Amino acid sequence: MRSSLGVAGALFAVALLFSGVSRAEDVAEQLSSAPAKPVAAQKSSGLKGGTADHSKFEALKGPFADGSEVTKACLSCHTEAGKHFMKSIHWTWDYTNPKTGQKLGKHNVINNFCTNARGNEGMCAQCHAGYGWKDDTFDFSNQNNIDCLVCHDTTATYYRLPNSRGHDACGVMFEGKKPIDLPKVAQHVGLPGRQNCGTCHYNGGGGDGVKHGDLDSSLNAPSKALDVHMSPDGGNFACTNCHVSDKHIVSGSRYDMIAKDEKGPGAPGSRRDIATCESCHSSKPHDKPSLIGFQLDTHAERIACQTCHIPEIARGGVATMVDWDWSTAGKFIDGKGYALEEYKQGDGKERHTYWTIKGDFKWNENFAPTYKWFDGRMMYTTIDTKIDDSEQPVPINAVMGGPNDPKARIWPFKEMHTRLPWDPKNKSLVYNHLWGKDDTAFWGNFDMVKSVAAGMKIENRPFSGEVGFLPTVSNWPITHMVAPKTDAVKCGECHTEKSRLAGLPGIYMPAHSTVRWLDLLGYAMFVTTIGGVVLHGLARVVMGKKKTHGEV
Amino acid sequence: MTDLSMAAGTPPVKTKRSVMIYSRYERFWHWSQAILIFVLALSGFAVHGTLPFVKFSTAVTIHSWAAIALIVLWIFTTFWHFTTGQWKQYLPQISGLPAVIRFYAWGILTGAPHPYSKTLRRKQNALQSLAYLFFMVMIGPALWSSGIVYLTYPWWASWAIGTLGLPIVAFVHTAAAFLMITFVVIHVYMTTTGKTVTHYVRTMITGYDSIELTPAEIAYLEEERSGLLGK
């Protein structure tokens with residue numbers, strides 16, 4: 001672990017000019033992960049040995065004016081794919097949790113990174129698998145708006161740009177990229193590889209590894225020690241090998257998780273809606289017959305597989321963000337915005353510790369997760385939530401479940417702490433209008449009252465006119481970067497006084513949990529007895545009359 | 001005087017003879033149990049967290065297998081006790097108790113004779129049999145019964161969710177373990193109180209001790225159980 005302040009060169013204030021190309025490059029670096037190389041022959045579930053060579057299709061010869069024309073060509077053969085895909089959350093960004101009734105999805109939620117996609121679609125919808133969503137005029141019913149290539153490109157030459165321009169400073173960040181050879185990409189489509197999913201899922205929160213802590217560009221070609229499943233030296237799994245899909249609906253949503261899968265693998269090939277460990281490994285996977293294997297299977301009743309098998313977060317040399325203070329955003333040096341890079345991560349890259357448009361950051365890597373009871377339900381603090389700020393930090397997504405709930409298990413989480421803009425009078429989170437080439441967007445105008453007012457106006461939500469900064473915490477379930485079994489968390493890391501699980505309610509663990517008075521009494525009895533026999537023995541020696549005749 | 005003593009009957013003249021008082025099985029039981037108890041105590045207190053330098057999984061493995069071995073040993077030994085009638089050795093004899101306690105508290109220091117003599121039928125003094133009875137009907141069963149329940153936790157874990165099941169089992173097991181190690185301290189110390197410091201240990205190894213026999217007993221042993229008589 002390293003603290004964000006402890007890095008050598010802490011005073012390396014990289015004073016990046018805010019209105020110039022130098023900063024733009026920096027933004028580009030922040031937003032795109034290490035250049036992806038195509039990784040061939042990843043294992044995807046189900047399909048193997050393709051029967052079509054896309055380079056032989058007339059429809060894919062081009063020329064294509066834009067991506068949307070490629071989509072049209074795709075759909076000319078894959079006639080049902082558009083209909084299927086439009087039901088997926090990758091398209092709708094809208095999801096109602098059946099367990100909690102909460103309206104979620106990127107279109108609705110507020111996270112404690114870049115806050116909200118709502119009102120910032122021009123930027124955020126870079127990660128929407130469609131073309132051109134920049135405001136509410138986007139047509140969700142037009143199949144030609146689907147972006148097939150971002151998921152199915154196998155050349156690693158395809159990329160996406162923001163759907164609208166921001167202020168000049170932000171707007172130039174993606175310029176200078178090589179134009180995409182659309183016919184070539186279209187002729188080389190295939191099943192999604194890790195780098196396809198990673199385009200967005202590595203970069204959530206605004207950069208490589210920022211958001212999740214268990215998903216970053218190190219998974220493009222991970223060592224076996226980093227990820228036993230995804231490593232080319234291990235299983236070389238594509239994401240879709242576990243995140244199986246049915247009609248383009250991909251399993252394994254974080255919004256509605258299965259904290260304990262009691263069905264296990266099911267009949268061969270039967271489970272298409274689930275990405276749990278148990279769906280391959282069963283719920284009793286440990287070596288048997290073995291006393292320890294027998295005990296470990298029992299552990300799996302109450303402890304998620306991930307808790308032992310992912311010993312640390314961000315192990316691939318890419319750091320993850322653990323703390324963000326929005327209240328310090330908008331500082332200038334000589335009237336210009338700037339960034340500091342005082343954290344050097346494992347792979348040598350320096351990460352921002354301050355940035356005028358965002359505020360202060362802290363990073364971490366190779367650190368133990370925070371453990372919580374979890375039954376699969378998360379209660380989100382949404383834009384509609386009346387916040388009780390008496391207990392801080394306020395959870396953005398409260399992890400539900402406890403020790404008395406048989407469906408709950410102890411799960412590992414990355415906690416993200418953020419001082420987040422909110423409306424302290426109305427006691428609600430706010431939509432912040434960050435992106436856009438207008439006079440309210442925070443990234444350009446740096447007036448948060450104005451940008452929040454603009455954000456709240458989109459849905460005509462009440463805003464008191466006051467912006468405060470609320471300490472919040474979000475919980476990111478850790479489930480990737482599964483280590484080889486020899487690197488799993490050792491028994492003694494929990495079964496010890498200073499346990500990884502210390503402080504969790506409802507646990508009894510030998511070597512950690514003790515009844516204090518019983519221990520004190522027991523040790524006292526033992527020690528006193530030893531003292532007693534020693535004294536008795538000494539007395540026998542001193543009295544010098546060891547002429548016992550008795551029998552024992 | 002003479003008449004009076006004659007009237008009371010002349011006590012038979014006793015002769016000290018070396019006799020096997022601990023049979024081969026009894027010695028095997030004693031020493032294998034001793035080893036297992038030491039192993040269980042060390043591994044058990046490692047599991048408990050008292051001895052943190054032992055790897056937890058190693059301690060659990062050793063403790064579990066040693067426990068299973070001890071349970072098997074106890075099953076055989078219980079059988080042995082009842083088929084040989086040796087269980088009677090543990091019957092309490094309250095009347096002799098104060099004298100024995102007085103001896104260990106004071107008499108042993110002043111060189112007083114032990115108030116109890118081993119006989120063929122009764123190998124243990126009053127305090128000893130009471131202690132062993134406590135060991136065999138209290139400490140032992142508390143340990144193995146709670147231990148079996150503890151060991152089979154995987155089978156009942158799902159029913160115990162949200163209950164005090166495991167903490168209570170662990171409490172009983174730990175409490176009994178403290179009694180056990182305390183018993184061991186006293187027991188080991190008491191072995192030093194024989195004719196010499198190592199006399200009792202040697203007896204438990206060889207099985208032979210010299211005890212006073214009546215002519216009738218000698219005759220019986222020579223006639224029927226000559227193997228039990230030593231040189």
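Tyr338(A) and Tyr354(A) are both buried, where buried means under 20% relative accessible area, exposed over 50% and partly exposed in between (1.4 Å probe, protein chains only). This is a predicted model, so local features need pLDDT of at least 70 and side-chain atom pairs count only at pLDDT 80 or more, while totals for chains, interfaces and linings use all residues. Residues are numbered from 1 along each chain as its sequence is written, chains are lettered from A and ligands numbered from 1 in the order in which they are written, and side-chain values use heavy atoms, with hydrogens and water left out.

Now for the rings. Phe, Tyr and Trp rings (for Trp, the six-membered one) pair if their centres lie within 6.5 Å; planes under 30 degrees apart count as stacked, over 60 as edge-to-face and the rest as tilted. By this rule there are 29 aromatic pairs over all chains. Here are two of them, both in chain A.

| Pair | Centre to centre | Angle between planes | Type |
|---|---|---|---|
| Phe332(A) and Phe446(A) | 5.2 Å | 90° | edge-to-face |
| Tyr338(A) and Tyr354(A) | 4.9 Å | 35° | tilted |

The phenylalanine pair links distant parts of the chain, 114 residues apart: Phe332(A) sits in the loop between β5 (320–325) and β6 (339–340), and Phe446(A) in the loop between α14 (442–445) and α15 (448–457). Helices (H or I, at least four residues) and strands (E, at least two) are DSSP runs, numbered from the N terminus. Phe332(A) is partly exposed at 38% relative accessible area, whereas Phe446(A), at 17%, counts as buried.

The tyrosine pair ties together parts 16 residues apart in sequence, because Tyr338(A) is in the loop between β5 and β6 and Tyr354(A) is in strand β9 (residues 354–355).

Ring pairs also build a cluster, whose members include Phe332(A), Phe446(A), Trp324(A), Trp363(A) and Trp476(A).

On to the chain A–chain B interface. Here 42 residues of chain A are in contact with 57 residues of chain B, contact being heavy atoms within 4.5 Å. The area buried between the two chains is about 4,400 Å², with carbon and sulfur atoms giving 70%; buried area is the accessible area (1.4 Å probe) that two parts lose on being put together, summed over both. On the chain A side, the elements giving two or more residues are α12 (291–302), α16 (491–494) and α17 (516–543). Of these, α17(A) gives the most, with 15 residues.
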